[in-house]
Amino acid sequence: MAAAEALSRVADVEIDGGGVFKYVLVRVRAAGGPGKDVVRGHGWAEYHADIYERMAQELAQQGLGCECLGGGRLSHRPEERKIHVYGYSVGFGRADHSVTTEKLKAKYPDYEITWADEGY
């Protein structure tokens with residue numbers, strides 16, 4: 001039960017408040033239990049792996065495992081209430097941007113959120 005509780009405390013979306021930055025789509029799971037997909041995007045990351053590795057360490061401390069499903073980029077323009085999802089990760093491949101978009105829409109219901117497979 002503790003693992004399920006830990007899983008429920010993992011935010012679905014954590015991204016920077018504005019700018020263009022890398023993101024990863026990560027499946028987080030409790031040992032032997034169900035998983036959920038979460039989005040993390042940060043401007044401090046030089047590589048997609050930087051975000052994923054930091055997240056994996058934090059999750060491991062809570063007894064949770066994870067796998068990276070892919071990455072891309074986010075263009076977050078809060079002044080226009082827009083987020084555009086695009087691109088790919090060289091190391092992890094392209095995330096399913098449609099999944100990422102649905103997660104973002106749940107967190108930012110008043111935003112226009114778009115995605116495209118092209119672009120880097």
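Author: Let me begin with contact, which means heavy atoms within 4.5 Å. Helices (H or I, at least four residues) and strands (E, at least two) are DSSP runs, numbered from the N terminus. Axes are lines fitted to C-alpha atoms, for helices over the stretch in contact, and angles between N-to-C directions run from 0 to 180 degrees. In those terms, helix α3 (residues 97–107) lies across β1, β2, β3, β4, β5 and β6, and runs at about 170° to β6. This is a predicted model, in which local features need pLDDT of at least 70 and side-chain atom pairs count only at pLDDT 80 or more, while totals for chains, interfaces and linings use all residues. Residues are numbered from 1 along each chain as its sequence is written, and side-chain values use heavy atoms, with hydrogens and water left out.

Reader: What makes β4 and β5 a pair in the antiparallel sense?

Author: Two strands pair if DSSP finds at least two bridges between them. Strands β4 (residues 64–77) and β5 (residues 82–86) share five bridges, in the antiparallel sense, so they pass that test. Among the partners, His76 is bridged to Ile83 in β5, and Arg73 to Tyr86 in β5. The two strands form a hairpin with four residues between them, and Arg81 in the turn has a positive phi of about 55°.

Reader: What is the strand order of the open sheet, and why are β1 and β6 said to stand at its edges?

Author: The six strands follow the order β1-β3-β2-β4-β5-β6, with mixed pairing. Strands β1 (13–15) and β6 (112–115) each have a single partner strand, so one side of each is left without a neighbour in the sheet. From one strand to the next, the twist averages 25°.

Reader: Why is His48 called buried?

Author: Buried means under 20% relative accessible area, exposed means over 50%, and partly exposed lies in between (1.4 Å probe, protein chains only). His48 has a relative accessibility of 4%, so it counts as buried. His48 is in helix α2, and UniProt places the feature "active site" there, in an unreviewed entry. UniProt positions are given in the numbering used here, with shortened feature names, and annotations may be inferred rather than shown by experiment.

Reader: Which residues does His48 touch?

Author: Leaving aside residues up to four places away in sequence, His48 touches Lys22, Tyr23, Val24, Gly71, Gly72, Tyr88, Ser89 and Phe92. Lys22 is found in strand β2, and an unreviewed UniProt entry gives Lys22 the annotation "binding site". The relative accessible area of Lys22 is 13%, so Lys22 is buried too.

Reader: What makes the buried residues of α2 line one face of the helix?

Author: The buried residues are His48, Ile51, Tyr52, Met55 and Leu59. Seen down the axis of α2, these residues fall within an arc of 90°, so they line one face; the arc is that of the directions from the helix axis to the C-beta atoms. On the other side of α2, Gln57, Ala60 and Gln61 are exposed.

Reader: What do the buried residues of α2 pack against?

Author: They pack against β2, β3 and β4. Helix α2 (residues 48–61) lies across β2 (19–30), β3 (35–42) and β4, at about 35° to β2. Just after α2, Gly63 takes a positive phi of about 80°.
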